[in-house]
Amino acid sequence: MPENIIDLRSDTVTKPTPEMRSAMANAEVGDDVYSEDPTINKLEARAAELFGREASIFVPTGSMGNQIALRLHTQPGREVVCESRAHVMDWEMGMAAMFSGCQLRTVAGQRGVLRWKDIEPALATSGLYYKAQTGLVWVENTHNMAGGTVTPLAVMRELRNGAHSRGLPIHLDGARVFNAATALKTDVATLTEGYDSVNFCLSKGLCAPVGSLLVGTAEFIREARMVRKALGGGMRQAGILAAAGLIALEEMPKRLHEDHATARLLAEALAKIEGITIDPADVETNIVIFTTAFDAPAYVAALKQNGVLASALSAHSVRLVTHRDVDQTACLRASAILANVAIEAH
Ligand SMILES: Cc1ncc(COP(=O)(O)O)c(CN[C@H](C(=O)O)[C@H](C)O)c1O
């Protein structure tokens, strides 16, 4: 495989910045199981402040943050209503059932964006003996497998108000909520206001090496701490990770628009390639999903041989994700490789 690979598989591949590495090396630490790690405490306080919440908890992965929230909001036998291609449905190893005894009730959104009128018919909140009762409404913003699509602020509020009008909690899988806020030119506190919990990732576009944060009320986070420990997520001197997380929070959201611009460039180049279908107008953030007339896994394998890493989502679907470690020059180089390999794929 050639040198200087262009890795567009995911924004999870981002490496910590030199500033993060230096902060990690010098981090003040303590035992976080005793809540004595000063850098973790600082990160959790800062995250709660940014989201306008009472508290937050640092977790090693977005999956763990999501599953802690699902467990706390539900009880065994309840249903969780989510979008049909949600991460919690397709990428979290059946943990809703395995850990929380819940089943997922999927609802197809428009390019991943749910509306309350779509959710309402899927609810079971009283008096039905043949269905599991609904226990939680689940939103994903941005929506990964729909192509990084953004749920607008008015719809976020519509879904929140709908859930609460039926006495249901609502959780946001906000792994890329900073991308959504950037695309909407708003802030995360406004975008997520009133959501009973929000989980967001430091380790994706925000470039931290590890970690996510779950935000909510003080009581919710107190209980989340116990569930995290039960899952084996109680960490010791994790301030080393939190030091990078603080930089991720302060420095990285302001540059996410660059990833969005690069993604749009890629989409415009892809749209010119024979055998590839994509509408660049559909690309709202840092995720580019396109259809191929030819075999996608074979195409991705050939791209790898030519120095571009991508993800085949199905026989005729490919995902590219832009991020800080791939600048516009690299993406222009990738565009040429994507075109040349496509010609051979025909
Ligand atoms: C919306 C959303 N919520 C949660 C997670 C889980 O985060 P981690 O458990 O990987 O930290 C992801 C990771 N997404 C990963 C990726 O995009 O490469 C894969 C698909 O798991 C996500 O996209």
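Author: Contact here means heavy atoms within 4.5 Å. And the ground rules: this is a predicted model, where local features need pLDDT of at least 70, side-chain atom pairs count only at pLDDT 80 or more, and totals for chains, interfaces and linings use all residues. Residues are numbered from 1 along each chain as its sequence is written, and side-chain values use heavy atoms, with hydrogens and water left out.

Reader: What makes helix 11 "largely enclosed"?

Author: The burial count: 10 of its 13 residues are buried, so the rest of the structure largely encloses it. Buried means under 20% relative accessible area, exposed over 50%, and partly exposed in between (1.4 Å probe, protein chains only). Among the buried ones are G239, L241, A242 and L249.

Reader: How do you know that the length of helix 11 agrees with what it should span?

Author: The expected span is 1.5 Å times one less than the number of residues. For the 13 residues of helix 11 (residues 239–251) that gives 18 Å, and the end C-alpha atoms are 18 Å apart, so the two agree. Helix 3 (residues 62–73) can be checked likewise: its 12 residues reach 17 Å from first C-alpha to last, close to the expected 16 Å.

Reader: Why is helix 3 called largely enclosed?

Author: Because 9 of its 12 residues are buried. They include M64, I68, L70 and H73.

Reader: What makes a set of residues a "nonpolar core", and which residues touch the most other members of the largest one?

Author: A core is a set of buried Ala, Val, Leu, Ile, Met, Phe, Trp, Tyr and Cys residues joined through side-chain atoms within 4.5 Å. The largest has 51 residues, and L159, F178, F200 and L202 touch the most other members. Helix 11 gives the most to this core, with 7 residues. There is also a second, separate core of 29 residues, which includes L8, A267, C331 and L338. As background, nonpolar side chains tend to be buried together in soluble globular proteins.

Reader: Which residues is F200 in contact with, leaving aside its neighbours within four places in sequence?

Author: They are A47, F51, G174, A175, V177, F178, S212, L213, V215 and L249.

Reader: Why is C331 called buried?

Author: Its relative accessible area is 1%, so C331 falls under the burial limit. C331 is found in helix 14 (residues 328–345). Leaving aside neighbours within four places in sequence, C331 is in contact with L8, T262, L266, T322 and V326.

Reader: And why does W138 count as buried?

Author: Because W138 has 1% relative accessibility. W138 sits in strand 5, and its contacts beyond four places in sequence include N66, L70, C82, L114 and D173.

Reader: S35 and C207 both have a positive phi. Which of them counts as buried and which as partly exposed?

Author: S35 is at 37% relative accessibility, so it counts as partly exposed. C207 is at 0%, so C207 counts as buried. Phi is near 60 degrees for S35 and about 75 degrees for C207, although C207 is not a glycine. S35 lies in the loop between helix 1 and helix 2, whereas C207 is in the loop between strand 7 and strand 8 (212–216).

Reader: How do you know that the peptide bond from N141 to T142 is cis?

Author: Its omega is near 0 degrees. T142 is placed in the loop between strand 5 (134–140) and helix 7 (153–165).

Reader: What makes a space a "cavity", and how many are there of 30 Å³ or more?

Author: On a 1 Å grid over the protein atoms alone, a cavity is a set of points where a 1.4 Å probe fits but cannot get out; lining residues have an atom within 4 Å of a point. Grid points are joined across faces, edges and corners, and a volume is the space filled by probe spheres set on the points. By this rule the count is 2. The largest has a volume of about 40 Å³, and its lining includes R176, F178, K204 and L256.

Technical notes
Helix = DSSP H or I, 4+ residues; strand = E, 2+ residues; numbered from the N terminus. 1 Å grid on protein atoms, 1.4 Å probe; cavity = no way out; pocket = protein on both sides within 12 Å on 5 of 7 lines; lining within 4 Å.
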